[in-house]
Amino acid sequence: MSEIQSGMSPDDVEQAMGTSTLQLLRRLLDVAQQSGPAVARRAELSHTELTALEMLTRQAWGPGELARHLGVTSAAASGIVDRLAARGHVERVPHEADRRRTQVVLTESGRRDVLGHLMPMFAALDELDRGLSDAEREVVDRYLAAATEAIRRVL
């Protein structure tokens, strides 16, 4: 984005990024980016395998859909699914609506593996969230929603 488009010069941006709120947001984004590879190492998975498992906690995906969302080739996605299936973490099942297609679904073993490694973080975040007053939560919600939209602009 050029200076004209943003209305801010590089010096303005540098000064704005000096606020404690933006420094903490940057630190959160940095730590979040490091968390995936760290959890994957502990789970003895590749980062892409962990990402696939996380995606599958929300819904079943077809192998081609997994490939697109993971940013890998169909062959690479097939290998990821094969490795996860060999560990008992996923299964290929017929698609509910189109029996010619397959879906990849998370097994209970896969769910336990993903959640087991992430539970300490989830528990700490839950405790933090429960400590917020309604007024604090409203401010945090508004800030995080707007920050998400600001970051989404570069996607």
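Biologist: Which helix holds A147?
Modeller: This is a predicted model, where local features need pLDDT of at least 70, side-chain atom pairs count only at pLDDT 80 or more, and totals for chains, interfaces and linings use all residues. Residues are numbered from 1 along each chain as its sequence is written, and side-chain values use heavy atoms, with hydrogens and water left out. Helices are DSSP runs of H or I with at least four residues, strands are E runs with at least two, and both are numbered from the N terminus. The place of A147 is in helix α8.

Biologist: Is A147 buried or exposed?
Modeller: We go by relative accessible area, using a 1.4 Å probe and protein chains only: under 20% is buried, over 50% is exposed, and in between is partly exposed. A147 has 13% relative accessibility, so it counts as buried.

Biologist: How far apart in space are A147 and L22?
Modeller: Along the sequence, 125 residues separate A147 and L22. In space, from C-alpha to C-alpha, the distance is 9.7 Å.

Biologist: Which element has the highest mean pLDDT?
Modeller: pLDDT is the predictor's confidence in each residue, from 0 to 100. The protein chain has a mean of 89, and 90% of its residues reach 70 or more. Among its elements, helix α1 (residues 3-6) has the lowest mean, 50, while the highest, 96, belongs to helix α8.

Biologist: How are α5 and α6 oriented to each other?
Modeller: Axes are lines fitted to C-alpha atoms, for helices over the stretch in contact, and angles run from 0 to 180 degrees between N-to-C directions. The axes of α5 (residues 63-70) and α6 (residues 74-86) come within 8 Å and cross at roughly 105°. Angles under 35 degrees count as roughly parallel, over 145 as roughly antiparallel, 65 to 115 as roughly perpendicular and the rest as oblique. That makes α5 and α6 roughly perpendicular.

Biologist: And how are α4 and α5 oriented?
Modeller: Helix α4 (residues 47-58) packs against α5 at an angle of about 120°, with the axes 11 Å apart. The pair is therefore oblique.

Biologist: Which residues of α6 does α5 meet?
Modeller: Contact means heavy atoms within 4.5 Å. From α5, the partners are P63, L66, A67 and L70. On the α6 side they are S74, A77, I80 and V81.

Biologist: In which strand is Q103 found?
Modeller: Q103 is buried, with a relative accessible area of 12%. Not counting residues up to four places away in sequence, Q103 touches several residues, including W61, R92 and H95. Its element is strand β2.
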